[in-house]
Amino acid sequence: DNTDPNWARAHRPSTFRKAAARTQWYLPRHGRQPAPATADEWICLADGGRFTQTSLGFVVDQFPQIVEMYPLDEQQLTAGNGDGDGREEKTVKRTTTKWYPTVLLNLEVKKALPEEGVEWLFVRVRAKRIENGRMDLEVVVLDEVEELVAVSNHVCLILGAERNMERSGTSKI
């Protein structure tokens, strides 16, 4: 209902990120995140469903995009083309839609969710490093009583979304 005094429903990411349409994110009102390169959110399923143990992998991959929330310099956004062919590096412009393909994701489940699932989960994502077109993230998931449910670490690339939207028939990564 978006009436909480501390949390406001976030605008959905671009339609490019179709999986995000399955969730609703609530971020601190007035953009008050706890620290630089950190984002807190409450997340629920858009259809009113419940998160279960088997959905935790999905949950840890649905978070506000740190790169789009904080100012970064060109060194942090500059990446090679990823195929080792020696072509020039390219800076991903801040104004372009970005794609964050996951190179590595690990998930440590610390607590079993109830069999019937839970409506809400709290997620804190923290960028441990953003450099050379790559970001290393830590994602912590808590339940409604602030007990640790899961910890995940990600290594992602920062690329322009056009890399994923091209229809050449072959993977660019």
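**Rings and a charge**

Guide: Start with Arg22: its charged end sits over the ring of Phe58, 4.9 Å from the ring centre. Keep in mind that this is a predicted model.

Visitor: Okay. How many aromatic pairs does the structure hold?

Guide: There are 3 aromatic pairs. Take Trp7 and Phe122: their ring centres are 6.2 Å apart and their planes stand at 85 degrees, so this pair is edge-to-face.

Visitor: Where do Trp7 and Phe122 lie?

Guide: Trp7 is in strand β1, residues 7-9, and Phe122 is in strand β8, residues 121-131. The pair therefore ties together parts that are 115 residues apart in sequence.

Visitor: Buried or exposed, those two, Trp7 and Phe122?

Guide: Trp7 is buried, and Phe122 is buried too.

Visitor: What about Tyr26 and Trp120?

Guide: They form an aromatic pair as well, and it is edge-to-face. The centres are 5.3 Å apart, with 65 degrees between the planes. Tyr26 sits in strand β2, residues 23-28. Trp120 sits in the loop between β7 and β8.

Visitor: Is Tyr26 buried or exposed? And Trp120?

Guide: Tyr26 has 8% relative accessibility, so it counts as buried. Trp120 has 23%, so it counts as partly exposed. The cut-off for buried is under 20%.

Visitor: New topic: which residues form an aromatic cluster?

Guide: Trp7, Trp42 and Phe122 form one.

Technical notes: Residues are numbered from 1 along each chain as its sequence is written. This is a predicted model: local features need pLDDT of at least 70, side-chain atom pairs count only at pLDDT 80 or more; totals for chains, interfaces and linings use all residues. Side-chain values use heavy atoms; hydrogens and water are left out. Rings of Phe, Tyr and Trp (its six-membered ring) pair if their centres lie within 6.5 Å; planes under 30 degrees apart count as stacked, over 60 as edge-to-face and the rest as tilted. Helices (H or I, at least four residues) and strands (E, at least two) are DSSP runs, numbered from the N terminus. Buried means under 20% relative accessible area, exposed over 50%, partly exposed in between (1.4 Å probe, protein chains only). A charge sits over a ring if NZ of Lys or CZ of Arg is within 6 Å of the ring centre and within 35 degrees of the ring normal.
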